[in-house]
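Morning, everyone. Please have the sequence and the 3D view open. I'll talk you through both chains and where they meet.

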Amino acid sequence: MSKNINVALIGNPNTGKTSVFNQLTGLNQKVGNYPGITVEKKEGICKLPRGVKAHILDLPGTYSLNTTSLDESLVVELLLNKNDKDYPDVAVVISDVENLKRNLFLFTQIKDLKIPTILVINMADRMSRKGISLDVAAMEEKLDTKIALVSTRKRQGIDRLKELIADYKNISSAPNLDAKRISPEYFERLQRTFPNEDLYKLWLVITQDVNFMPIEKKRIQDATDFTTKSKEELKKLQHKETVLRYQFINNTLKETYKVDFLAAKGLRGSLDKLLTHKVFGYLIFFVILLTIFQAIFDWSSYPMDFIDEQFAMASEWVKNTLPPGIFTDLLAEGIIAGIGGIVIFIPQIAFLFLFISLLEESGYMSRVVFLMDRLMRPFGLSGKSIVPLISGTACAIPAVMATRTIENWKERLITILVTPFTTCSARLPVYLILIALVIPKGTFLGLSYQALTLMLLYLIGFGMAIFSAMVLNKILKIKSRSLFMVEMPTYRLPLFKNVAYTVLEKTKSFVFGAGKIILAISIVLWFLGSNGYSDDFKNAEHIVSERIEKDGLSTYSKNYIQNNVASYREAALADGMSATVLQDSITVLTEELKERAIAQEISSYKLEHSYIGQAGKAFEPFVKPLGYDWKIGIAVLTSFAAREVFVGTLATIYSVGSDEEETIKNRMAAELDDEGRPLFNLASGISLMLFYAFAMQCMSTLAIVKRETNSWKWPLFQLGFMSVFAYIVALIAYQLLI
Amino acid sequence: MATVADLIHGQKGIIKDFSEHLLPIKLLELGCLPGNSVELVQVAPLNDPIYINLSGSHIAIRRSLAELIELDIIEETQAP
């Protein structure tokens, strides 16, 4: 078998590069990460004519090889490293027919690296509408390459592209621009020092700001017989390079590319007027936001309830079918409950990414950035911060990654630091259960108190993000040049395939990324909760039975039996059961309930003396002033790994054994504190909700922030200030309300 | 000296030679080169950023950056 052809797809953002990638590879694609960094690596396999296969790598979008971001530097790094296993045999530069001039800039740079380079002119279906005519043959000759005219929307030209890739050996690898023309004197000297090396590659190593290939760079600086130039001088030369490249491109296009502006039609003008209007613009954006929230919190509740039921059933089934034992318990209470806690978020995450990818694909997101920039700036944020802040309502992880488009480091850092304040979907189950427990059912102006509370929590989260951004903007002394630049792409109908792939990929990476942690914690918790070293733990059965014999059942158990009997009696009477039969069945039921109550008392005694119980007791003094007991303390503590484990932890602790919310809720409602009052009351409930609103309880987010800021300083700072703030606010709230 | 920031709605200008100060290279790559035309397409509600057509590239930049790009304004004779 011959080796696959290595193909790299390169192109400006908004040229439809991903569509070309999707059409070449179909579902034969996988998304991973580049080692050590969180830049997405998309690769796939494509079958070419004559039985040849190609390995296609979709590189991050970039305007040129002059890099300013991590994503972009990756492209340069690959193209300069012949030893990389992904080093392309052939590069395919994707361009958009309307922005050909600008797209060709990148093309000429790649071609000058002496890599065989194919040019794809995408969106060819728009040519007639935009009054564009091309002389492809003449252009191929001028650019010294082969061109594929492609329309991914109409599925045209992909076969020709495949032919060209298969035939890559016949594509010229001669440069478009002789590097020496940039500065004959400088490049002559460079050539003399490094006689066997390619000048343009050396030039790129010298001029890139991003810290890649430090060894290469040092090698050039250390060359004794070669003195490089000052930054200023190098920049001037880069300007000259740009001018030379555009001269070449203009010469090429002059004879081969014609635009008849009279024939050009487009929605851009009128749509822009509406969407960036000072009143309608904001109004439309607001309506879209409301729709997104409606989808996330209302529409997704149906599939979520369904998933919830399925997992409760599965857990129940495992318990009833498999022989009792450690393994069954682990499966039913640890693993299935744990997986259920992840899968439940899929509908929300999928909806959010559906909307975000629709907004991005259509070109609307750039308009939002344009509208919001000036409003966000007083807070030290950029218009581009709006995307992370919206994404943050689903999950802070993709949101932090989405800050990469912010050019200004200070604005980007602030966005990263405040994004975790926005109410992510992991906080939702915590809020929902606490609201149901402590907020009364009444209505205010037609809105229920419970819905109002939830809305208020969202506003508090967003308000806190903005407020802390403002504070950080004052405190942080970081000098960085503001280089805000957004491309305003043409409006396009989103392609179903692209949207579907994005939703699929993002959901998958959330499930597997966050899933691993939640699953691990569930298992560890289960283990710590069902094991202990003390004698109290080992002799739990004995101790509890003795106590019951002496003092009778606990108040909680008595209530439990009474309530169950009462509701049974009511139901039976409604069914018309005779008094004698009823009396008999109640006796049987009471016996059964008593047994169950004893078992519950034993397991809760066990839990209290398990590893986790002892840890919780040690931790209790810290959370007591906030109104929590040791069990809530444990749930809060484990939530520092991920907030969504709160409900699951309480479920495990209360040994309800299933994640079904109703039962946990009833169990929580029945919990009493030392003085016999309900443990979850208005004061402790509000205090808990506020704690969850502000605390930095998510290991995955901290890990992402560490990677994106490249230091432990910022995630630790975030963990510290958010958690301390959360503690103080929760303390004040409890002490005021109690 | 007129800059891109001085353009009014629908007005065009031709970028002047800028040997004195160095503009960010990113701007040049998008076509901000001497002799190229700039048209002001839209202004954001709070007067900043501005949305320009830079010889075919539609981009939005902040005023602070726009002030660095010097140009000769072409007086439009007919109403847009």
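Chain A has 32 helices and 12 strands. Keep in mind that this is a predicted model. Now the dimensions. Along its principal axes, the C-alpha atoms of chain A fill a box of roughly 100 × 60 × 60 Å.

How much of chain A counts as buried? Of its 738 residues, 53% do. Next, contacts along the chain. Take those in chain A between residues at least 6 apart in sequence. Of these, 74% join residues at least 24 apart.

Let's pick one helix. Go to H31 of chain A, residues 699–709.

Now bring in chain B. Together the two chains bury about 3300 Å² between them. Carbon and sulfur atoms account for 62% of that area. On the side of chain B, three residues lose the most area to chain A: Leu22(B), Glu29(B) and Arg62(B). Together they make up 23% of what that side buries.

On to the polar side of things. Between chain B and chain A, 14 residue pairs are in polar contact, with both residues at pLDDT 80 or more. The interface also has 4 salt bridges. Here is one of them to find on screen. Asp48(B) forms a salt bridge with Arg377(A). Their closest N and O atoms are 2.9 Å apart.

Last stop: strand E4 of chain B. Which strand of chain A is joined to E4(B)? That is E12 of chain A, residues 485–487. The two strands run antiparallel, and 3 bridges join them. Zoom in on Met485(A). Its bridge partner in E4(B) is Ile61(B).

That's my tour. Questions, please.

Conventions:
Residues numbered from 1 in each chain as written. Chains lettered and ligands numbered in written order. Predicted model: local features only at pLDDT ≥ 70, side-chain atom pairs only at ≥ 80, totals over all residues. Heavy atoms only, no water. Buried area = accessible area lost by both parts, 1.4 Å probe. Salt bridge = Lys/Arg side-chain N within 4 Å of Asp/Glu carboxyl O. Polar contact = N/O pair within 3.5 Å; in protein donor to acceptor, adjacent residues only side chain to side chain. Pairing = 2+ DSSP bridges. Helix = DSSP H or I, 4+ residues; strand = E, 2+ residues; numbered from the N terminus. Buried < 20%, exposed > 50% of the residue type's maximum accessible area, 1.4 Å probe, protein only. Contact = heavy atoms within 4.5 Å.
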